[in-house]
Amino acid sequence: MSLLFLSACENDDDKIYMTDLYERYYPLMKKKACSIVQDYEVVDDLIQEAFLKLIPKISLLRSLSCYKTTSYIVNTIKHVAIDHIRKKARLSNHVYTGLDDDLAEQIPDFQAATEENYMKTEECEALEKAMFQLSERDRTLLYFKYNMEMGDQQIGDLLNIPTRHVRQYVARARHRALHILSEKGEYHV
């Protein structure tokens, strides 16, 4: 692991802070980047690029709580990975061969996509309302588990919960969220 991005840090304190972030969040960033680009050869380069984007934000990162820092870092690697995919797509040229299949793949069904997006939006709004009715601890547990895709060990470390109890706490939080949704008729248990 070469930490080339550290050369962009202005002082030793920033270098130590960024090295600590790198060591702490590297596995999570690697998992997120791999899930998006699915090309293991470029993942380390994407992580380096993400840290280069984080260096100007050191003062902001130091002011955030641990779960907001985690969210910020994961969103940064997500955007870097998505940008990589976009750049790669722009570079690859699509050749039209004149076959009907070429056109069918390129023209999306906008009505089906619109209906699907509307349904997803309604589901997300219902879930968001249910989440705000949960305690902060339950929200945080569910956020780390499902949005951030963290493992039990990472969640336990961040929230000071014994690792052996994390799965049970997440299951209870999920049950409470589903109960709220079922009371509102959004989900049937």
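At what angle do the axes of helix 8 (residues 152–159) and helix 9 (residues 163–183) cross? Select both helices and look: their axes come within 8 Å and cross at roughly 95°. Axes here are lines fitted to C-alpha atoms, for helices over the stretch in contact, and angles run from 0 to 180 degrees between N-to-C directions. That makes helix 8 roughly perpendicular to helix 9 (65 to 115 degrees counts as roughly perpendicular).

Before moving on, a note on what is on screen: this is a predicted model, where local features need pLDDT of at least 70, side-chain atom pairs count only at pLDDT 80 or more, and totals for chains, interfaces and linings use all residues. Residues are numbered from 1 along each chain as its sequence is written, and side-chain values use heavy atoms, with hydrogens and water left out. Helices are DSSP runs (H or I, at least four residues), numbered from the N terminus.

Now show side chains where these two helices meet. On helix 8, pick Asp-152, Gln-153, Ile-155 and Gly-156; they meet Thr-163, Val-166 and Arg-167 of helix 9 (contact means heavy atoms within 4.5 Å).

Next, step back to helix 7, residues 136–147. Its end C-alpha atoms are 15 Å apart, which agrees with the 16 Å that twelve residues should span at 1.5 Å a residue (the expected span is 1.5 Å times one less than the number of residues). Colour Asp-138, Thr-140, Leu-141, Leu-142 and Phe-144, which are buried (under 20% relative accessible area; exposed is over 50%, partly exposed in between, with a 1.4 Å probe and protein chains only). After the helix comes Glu-149, whose phi is positive, near 55°.

A search of the whole structure finds four aromatic pairs (ring centres of Phe, Tyr or Trp, by its six-membered ring, within 6.5 Å; planes under 30 degrees apart are stacked, over 60 edge-to-face, the rest tilted). One of them joins Tyr-67 and Phe-144, edge-to-face, at 6.2 Å centre to centre and 70° between the planes. This pair links distant parts of the chain, with Tyr-67 in helix 4 and Phe-144 in helix 7, 77 residues apart. Phe-144 is buried at 0% relative accessible area, while Tyr-67 is partly exposed at 27%.

For a last stop, select Arg-137 and Tyr-169: the charged end of Arg-137 sits over the ring, 4.2 Å from its centre (CZ of Arg or NZ of Lys within 6 Å of the ring centre and within 35 degrees of the ring normal).

Technical notes: Angles under 35 degrees count as roughly parallel, over 145 as roughly antiparallel, 65 to 115 as roughly perpendicular and the rest as oblique.
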